[in-house]
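This briefing goes through selected parts of one structure. Please look over the sequence and the 3D view before reading the points below.

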Amino acid sequence: MIAANKNLQFTKIQELVYELKVAEVMTKNLITVAPDTRMSELRGILRDNRISGTPVVDGDRMVGIVSVEDFITWLIRGGVDCPVGQVMSRKVRTLFADEPLVHAVSKLEEHGYGRLPVLDRSKNTLLGLITKGDIIEGLLQELQIDYHEEEIHRYRASHFFEDMIADKITINFHYHIHGKKIEQGGEVASDLKRSLKRLGIHPDIVRRAAIATYEAEMNVIIYAEEGRVDVNVEPDVILIEVRDRGQGIADVARAVEPGYSTAPDWVRELGFGAGMGLQNIKNCARDFDITSTVGRGTTLKISIPTGTKEKRCA
Ligand SMILES: Nc1ncnc2c1ncn2[C@@H]1O[C@H](COP(=O)(O)OP(=O)(O)OP(=O)(O)O)[C@@H](O)[C@H]1O
Ligand SMILES: [Mg+2]
C-alpha cells in the first residue's frame with residue numbers, strides 16, 4: 001500500500017513508516033483557536049507560532065481547521081473581520097493516534113494537505129497534529145537509533161544455523177490471524193520480525209519478510225474471515241505461507257496488478273486500498289504464488305532467500 005515506484009527498495013524508512021505509530025511523531029503541543037477567535041487575531045497567532053494552520057476547538061471537540069490558505073481566501077473576499085468559525089473548513093480529514101505512519105504519509109500525499117489532526121480512537125478527542133515535517137523528524141530520530149542497533153547486530157549476529165548439525169534444519173513459526181480485527185493488523189508481522197531478528201537473520205531479509213507478512217496479514221483481515229501464517233526458516237531461505245478462509249479471489253492475475261483494489265470506502269478511509277499490497281509482497285519475494293477458490297479462501301506462498309543479496313527488492 002506504499003506508493004508505486006519501480007525502483008522501490010525496501011529500505012529502513014519504509015520499514016519505519018509501517019512500524020511507527022502516528023502518536024509517536026505527532027506534535028502534542030497544540031496551538032488551537034476557538035470558533036469565536038476573530039480572523040483579525042488569526043494572522044498574529046499563525047505568525048507568532050510559526051505555523052501554517054491550526055485546529056479550531058470548541059471545548060474538547062474539534063470543529064474545524066483553519067489555515068493560511070483560508071486566511072488568504074478571506075482576505076481576497078474583502079477581509080471583513082468575523083469569527084474563525086465562519087471561515088474554517090469543517091470537513092476535516094483526520095487520523096487516529098494508533099494508525100501506522102504509512103497512513104499519515106498516504107493521506108497527506110493523496111489530499112495535498114499540509115497537516116492532519118490526530119484523534120484518540122475511543123474518545124474522538126484531539127490529541128495532536130501531524131505534518132510532513134513531523135514525519136521527517138520522527139524518521140530521522142528513529143534512523144539514528146536504528147543505525148546503532150544495526151551496528152551492534154552486525155557484530156553479535158548469532159549465526160544460529162552454523163552451530164547446528166543436521167541433514168535438514170527448519171524452524172517453524174505459526175501465527176493465527178483473527179479476521180476483521182483491523183486494529184490488530186500488523187501484530188503477526190511484528191511478532192515474526194522480532195523472532196527472525198533473534199535468529200540473527202540479516203536486517204534486510206527480516207525487513208522483507210515483515211513487509212510481505214504485513215501486507216498479507218492486512219489482506220486477510222480486510223478481505224477474509226480468518227487465516228494462519230506458517231513460516232519455515234531454513235539456512236538459506238524463508239518460506240512464508242498465508243492461508244485464509246474467506247471469499248477468495250475470482251481473478252488472481254488481476255488482483256496482483258498494481259492499483260487494482262476492491263477495498264470498500266471505510267477501508268480506504270483508514271489508508272488502505274491503494275492496490276499495492278500484493279505487488280509489494282511480490283517485490284519482496286523470489287518465488288510468489290497465489291491460489292484461490294472463490295467462497296473458500298486464498299493461499300499465498302512466497303520465498304525469501306536469506307544468504308544472498310543478489311535479488312534486491314525492486
Ligand atoms: N486474502 C484475500 N482474500 C480475498 N481477496 C483478496 C485477498 N487479498 C487480496 N484480495 C483482493 O485483491 C485486491 C488487491 O490486493 P492488494 O493487497 O494488492 O491491494 P489492496 O489490499 O486493495 O490495497 P493495499 O494493499 O494497497 O492497501 C484486493 O483489493 C482484494 O480484492
Ligand atoms: Mg492489501
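This is a predicted model: local features need pLDDT of at least 70, side-chain atom pairs count only at pLDDT 80 or more; totals for chains, interfaces and linings use all residues.

Which residue stands opposite Leu-119 in S4? The residue is Phe-96.

- Three strands make up an open sheet in the order S3-S4-S5, and the pairing is mixed.
- Strand S3 (95–96) and strand S5 (126–131) are at the edges with a single partner strand each, so each has one side without a neighbour in the sheet.
- The pairing of S3 with strand S4 (residues 115–119) is parallel and runs over 2 bridges.
- Such pairing in a sheet goes through backbone hydrogen bonds, either parallel or antiparallel.

- Helix H5 covers residues 101–111, and its buried residues include Leu-101, Val-102, His-103, Ala-104 and Ser-106.

- Another open sheet has 5 strands in the order S6-S7-S8-S10-S9, with antiparallel pairing.
- S6 and strand S9 (287–293) are the edge strands; each has a single partner strand, so one side of each lacks a neighbour in the sheet.
- On average, neighbouring strands of this sheet are turned by 10 degrees against each other, direction ignored.
- Strand S7 (residues 224–234) pairs with strand S8 (residues 237–246) in the antiparallel sense over 10 bridges.
- Val-231 has Ile-240 in S8 as its bridge partner.

**Helices H7 and H8**

- H7 lies across S6 and S7 and runs at about 165 degrees to S6.
- Helix H7 (residues 187–198) also packs with helix H8 (residues 203–223), at an angle of about 160 degrees and with the axes 8 Å apart.
- Angles over 145 degrees count as roughly antiparallel, and H7 and H8 are therefore roughly antiparallel to each other.
- The crossing of H7 past H8 is right-handed.
- On the H7 side, the contact is made by Val-188, Ala-189, Leu-192, Lys-193, Leu-196 and Lys-197.
- On the H8 side, it is made by Val-206, Ala-209, Ala-210, Thr-213, Tyr-214 and Glu-217.
- The residues of this contact of H7 with H8 comprise 8 nonpolar, 1 polar and 3 charged.

**Ala-166 in its loop**

- Ala-166 sits in the loop between helix H6 (132–156) and strand S6 (171–178).
- A residue is exposed if 12 or fewer other C-beta atoms lie within 10 Å of its own; Ala-166 has 8 within 10 Å and is therefore exposed.
- Ala-166 and Ile-304 are 138 residues apart along the chain, and their C-alpha atoms are separated by 22 Å.

Note on methods: Residues are numbered from 1 along each chain as its sequence is written. Chains are lettered from A and ligands numbered from 1 in the order in which they are written. Axes are lines fitted to C-alpha atoms, for helices over the stretch in contact, and angles run from 0 to 180 degrees between N-to-C directions. Helices (H or I, at least four residues) and strands (E, at least two) are DSSP runs, numbered from the N terminus. Angles under 35 degrees count as roughly parallel, over 145 as roughly antiparallel, 65 to 115 as roughly perpendicular and the rest as oblique. A crossing is left-handed if the near helix is turned anticlockwise from the far one by less than a right angle, and right-handed if clockwise. Two residues are in contact if their C-beta atoms, placed from the backbone, lie within 7 Å. Ala, Val, Leu, Ile, Met, Phe, Trp, Tyr, Cys and Pro count as nonpolar, Asp, Glu, Lys and Arg as charged, and the others, Gly among them, as polar. A residue is buried if 20 or more other C-beta atoms lie within 10 Å of its own, exposed if 12 or fewer, and partly exposed in between; C-beta atoms are placed from the backbone. Two strands pair if DSSP finds at least two bridges between them.
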